[in-house]
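The sequence and model come first.

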Amino acid sequence: MNREHRKIIHELAEVYGIESVSYDSEPKRNVVITAVRGKAACPNLTLTAVIERETAGRAPPPIAHIKQHSSKNDCGSNWLKAVKEEPTIDYFDVQD
């Protein structure tokens, strides 16, 4: 089992209250998990519910706006100069 897969197993075991131990050396390293009655438990929320709640509560990042300002150069003619406006951030109160 590769390192990333073992890490996921250890993290999930922690959430469920299950003991996890890695054994052997690479490339045959593996994870053994042990559930103890009374200690291991299913979490109240599903993984899908947690993901939906975390992604629904975030507002999209602000968009930088371009303003057109007129400025005069040495010849006296007007030129439009694009100026980047700093983005404003709006915060929304999201209730569950």
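The description below moves from the whole chain to local features.

The model is predicted, so local features need pLDDT of at least 70 and side-chain atom pairs count only at pLDDT 80 or more, whereas totals for chains, interfaces and linings use all residues. Residues are numbered from 1 along each chain as its sequence is written, and side-chain values use heavy atoms, without hydrogens or water.

**Overall architecture**

The protein chain contains two helices and four strands, in the order α-β-β-α-β-β along the sequence. Helices (H or I, at least four residues) and strands (E, at least two) are DSSP runs numbered from the N terminus. Of its 96 residues, 4% count as buried, that is, under 20% relative accessible area with a 1.4 Å probe, protein chains only. The accessible surface (Shrake-Rupley method, 1.4 Å probe) is about 8,900 Å², and carbon and sulfur atoms hold 56% of that area. Among contacts (heavy atoms within 4.5 Å) with a separation of 6 or more, 23% join residues 24 or more positions apart.

**The annotated segment and its hairpin**

The unreviewed UniProt entry places the feature "domain: R3H" at residues 1-37; such annotations may be inferred rather than shown by experiment. Over residues 1-37 the chain is 38% helix and 27% strand, with 27 Å between the end C-alpha atoms.

Strands S1 (residues 19-23) and S2 (residues 30-34) form an antiparallel pair over five bridges; pairing requires at least two DSSP bridges between the strands. Ser20 has Ile33 in S2 as its bridge partner. Six residues lie between the strands of this hairpin.

| Asp24 | positive phi, not a glycine | about 70° |

Most residues other than glycine have a negative phi, and most peptide bonds are trans.

**The second largest pocket**

A pocket is an open set of points on a 1 Å grid over the protein atoms alone, with protein on both sides within 12 Å along at least five of seven lines; lining residues have an atom within 4 Å of a point. The second largest pocket holds about 160 Å³ of space, the volume being that filled by probe spheres set on the points. Its lining comprises Leu12, Val15, Tyr16, Pro43, Leu45, Thr46, Leu47 and Val50. Helices H1 (3-16) and H2 (47-56) each supply at least two lining residues, and H1 gives the most, with three.

Definitions and conventions
Buried < 20%, exposed > 50% of the residue type's maximum accessible area, 1.4 Å probe, protein only. 1 Å grid on protein atoms, 1.4 Å probe; cavity = no way out; pocket = protein on both sides within 12 Å on 5 of 7 lines; lining within 4 Å.
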